[in-house]
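Here is a short report on one protein model. Look over the chain as a whole, then turn to the ligand and to a single residue.

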Amino acid sequence: MKLLDILKFSEEYLKKYSFSKPRLESEKIISYVLKLERITLYAYFDMILSLEQKEKIKDYLKVMARNRCTFDELPKDKKSMIEEKDYSIQNKELLKKSIEYLLKNDVGDSKLDAEYIFAHVLKVRRTILSLSLKREITSKEKEEIKKLLHKRAKEKKPLQYLLGEWEFYGLPFKVDERVLIPRADTEILVEQCKFILTELQNPKVLDIGTGSGAISVTIAKEVPSSIVLGADISADALEVAVQNRKLNNVENNLKFIKSDVFSNIKDNDYDMIISNPPYIPKEEYEGLMPEVKLHEPLGALTDNGDGYYFYKKISEEAPKHLKDNGYLAFEVGYNQAEKVSGFMKKSGFQIVGIIKDYSGIDRVVIGRKNGEESVDKVS
Ligand SMILES: C[S@@+](CC[C@H](N)C(=O)[O-])C[C@H]1O[C@@H](n2cnc3c(N)ncnc32)[C@H](O)[C@@H]1O
């Protein structure tokens with residue numbers, strides 16, 4: 001729509017409401033919105049107005065008609081209300097284009113990822129993003145959104161690393177490329193361990209391969225009477241774990257140690273040893289999706305062998321570090337529960353639970369040292 005057209009439209013509109021000088025009033029509105037001198041308007045009759053300018057002019061017309069006042073008589077608060085424009089239309093369009101861009105670049109959950117990126121840059125929760133789309137997105141914010149979308153689409157960087165924080169068991173965790181992104185499956189392991197630990201008095205817990213500290217921090221938080229030690233071979237990962245300990249305020253009952261499996265673990269009175277070790281076999285590692293293979297730490301994913309190295313080693317050495325009747329709890333890969341149970345039994349553990357994940361796959365194996373045999377298969 002050209003300036004001349006909107007001028008005619010406004011004039012007609014105000015005439016309908018019996019304004020005595022509809023042309024003059026229309027010129028005043030338009031020159032104000034376009035920030036032009038009224039007497040120069042005729043020189044811009046062919047100018048195409050933006051959607052935003054047209055909307056603003058219409059808003060002024062409506063308010064003047066409703067309040068039966070001229071443009072000069074409009075109260076200040078009404079003017080500022082119109083000036084604080086609603087940018088929803090443009091912003092929703094930008095969000096839609098971003099979703100399409102991710103989709104075109106094979107990002108599976110393109111809508112969710114785009115919404116998370118917008119919410120992150122606009123510093124709001126994703127669930128209330130639509131409310132925040134009313135305000136103007138500054139050019140700096142648009143640049144930041146563009147940068148993150150590019151990293152997600154072209155570099156295949158996982159959303160969680162782009163955001164720098166992710167939720168595990170309802171708690172916030174800092175995550176970056178030094179640590180594995182905590183998975184929902186691991187929440188099942190934590191949940192099962194929590195059931196057992198809450199029955200014990202001041203249980204002493206060791207988490208081998210703590211990574212971001214997801215398991216250690218959550219146990220320390222959920223079972224405040226516990227005393228937890230998180231061990232990892234990666235000094236880089238431990239730096240992140242320390243950050244997460246502080247973030248979740250569990251510095252009193254959680255410590256971290258650098259250790260190659262049990263190499264630096266001295267105590268022999270743990271009530272429970274938990275581990276979600278690197279369990280992807282070397283040959284399966286090659287076929288992982290780019291998000292995982294290109295960005296998550298190799299040493300957190302695979303043992304560079306058949307996927308059983310850590311289960312075997314931890315099962316063999318755990319009895320030395322556990323009290324009698326102490327527990328060993330593992331997260332296992334999709335087809336590993338049976339073989340892992342075998343290692344545990346061979347080292348004197350009674351299997352007390354094999355727990356399935358949400359897809360019905362055996363995901364957690366729990367054994368008790370010198371315990372009585374009773375295998376619970378839980379879905
Ligand atoms: C699958 S990740 C688990 C991370 C975290 N516990 C979780 O569940 O999200 C495995 C972790 O084991 C650590 N790791 C690998 N080799 C190890 C070793 N020899 N001794 C101790 N930790 C090791 C890795 O650095 C990584 O942090």
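## The chain as a whole

In this predicted model, the protein chain holds 17 helices and 10 strands. Its radius of gyration is 31 Å, while the globule rule gives 21 Å for 379 residues, so the chain is more spread out than a compact globule. The C-alpha trace spans about 95 × 40 × 35 Å along its principal axes.

Of the 379 residues, 35% are buried. Now take the contacts between residues at least 6 apart in sequence. Of these, 62% join residues at least 24 apart.

## Around the ligand

The ligand is surrounded by 22 residues. G209, G211, I233, N276 and A300 are the closest. By type, the shell has 12 nonpolar, 8 polar and 2 charged residues.

Which elements each supply at least two residues of this shell? They are helix α11, β4 (227-232) and α15 (298-301).

## A closer look at A214

A214 sits in α11, which covers residues 214-222. That helix is also one of the elements that each supply at least two residues of the ligand shell.

Is A214 buried or exposed? A residue is buried if 20 or more other C-beta atoms lie within 10 Å of its own. A214 has 29 such neighbours, so A214 counts as buried.

Leaving out residues up to four places away in sequence, A214 touches F168, F173, P182 and T186. K323 is another matter: 109 residues along the chain separate K323 from A214, and their C-alpha atoms are 24 Å apart.

Key. Residues numbered from 1 in each chain as written. Predicted model: local features only at pLDDT ≥ 70, side-chain atom pairs only at ≥ 80, totals over all residues. Helix = DSSP H or I, 4+ residues; strand = E, 2+ residues; numbered from the N terminus. Buried ≥ 20, exposed ≤ 12 C-beta atoms within 10 Å, placed from the backbone. Contact = placed C-beta atoms within 7 Å. Near = placed C-beta within 6 Å. Nonpolar A, V, L, I, M, F, W, Y, C, P; charged D, E, K, R; others polar. Rg over C-alpha atoms; globule rule 2.2 N^0.38 Å.
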